[in-house]
Amino acid sequence: DIGYGGVWDTALSSDQPTVSIINTAQPATTETTTFDCPLASVISPGDYFTFGSTTTDFYGWYEVDGSSGNDPAVPSRTGVQIDINSGDSASAVASTTATTLDTVSGVSSSNIGTNVTLTADVAGEVDDFNDVSGNFSNVTISTQGNTGQQVTDITLSDDVADGDRYE
């Protein structure tokens, strides 16, 4: 602990203390998650996943063939209903999922084939994607969201003698 006034407590030798301070800025990043969608026949009405923006925690849930009353109503989260048909291909499920998620404030989404990319609109920590119902494959958080930080590394050289005073 280096403070104001005191005695160096080290087994190093010399009489000239040298401290190296390196400040490194870690940039803020937006979280990006990718996942592959299944055939609609694998998804049951009310199946859901969770995700977040920097301001809101969400759950995306599936309504299949116009079914009603299947909203899982996840506590402390905002629901996003995704309407699919039981005969939809995996690509159609991905397209509908991405199009619906892209309307949600705080995130953006797109798809290529069966793969959906979900990105927070603002850099910072968000609730990670969680496939609660277990329908998706290849779920990957390719960029973890964070607010950025200043990292300071302090290195004390071997130029300090045990018992030397500092002020």
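Let me start with helix H1, residues 90–101, which in this predicted model has 12 residues and reaches 16 Å from its first C-alpha to its last, close to the 16 Å expected at 1.5 Å a residue. If we then ask which residues of H1 are buried, the list reads Ala90, Val93, Ala94, Thr97, Ala98, Thr100 and Leu101, where buried stands for under 20% relative accessible area. These residues lie on the same side of H1, because the arc they cover around the axis is only 165 degrees.

What covers that buried side? The elements over the buried residues of H1 include strand S3, at 32–36, together with S4, S5 and S6, and also strand S7, at 107–112, and strand S8, at 115–120.

Three of these strands, S4, S5 and S6, form an open sheet, and they follow one another in the order S4-S5-S6 with mixed pairing. Strand S4, residues 48–52, and strand S6, residues 78–84, are the edge strands, each of them pairing on one side only, and from one strand to the next the twist averages 25 degrees.

As for the pairing itself, strands of a sheet pair through backbone hydrogen bonds, either parallel or antiparallel. Here strand S5, residues 57–64, pairs with S6 in the parallel sense, over 7 bridges, and glutamate 63 has as its bridge partner aspartate 83, which belongs to S6.

Coming back to the helix, H1 packs on this sheet and touches S4, S5 and S6, while the direction of H1 makes about 145 degrees with that of S6.

Key:
Residues are numbered from 1 along each chain as its sequence is written. This is a predicted model: local features need pLDDT of at least 70, side-chain atom pairs count only at pLDDT 80 or more; totals for chains, interfaces and linings use all residues. Side-chain values use heavy atoms; hydrogens and water are left out. Two strands pair if DSSP finds at least two bridges between them. Helices (H or I, at least four residues) and strands (E, at least two) are DSSP runs, numbered from the N terminus. Axes are lines fitted to C-alpha atoms, for helices over the stretch in contact, and angles run from 0 to 180 degrees between N-to-C directions. Contact means heavy atoms within 4.5 Å. The expected span of a helix is 1.5 Å times one less than its number of residues. Buried means under 20% relative accessible area, exposed over 50%, partly exposed in between (1.4 Å probe, protein chains only). The arc is that of the directions from the helix axis to the C-beta atoms.
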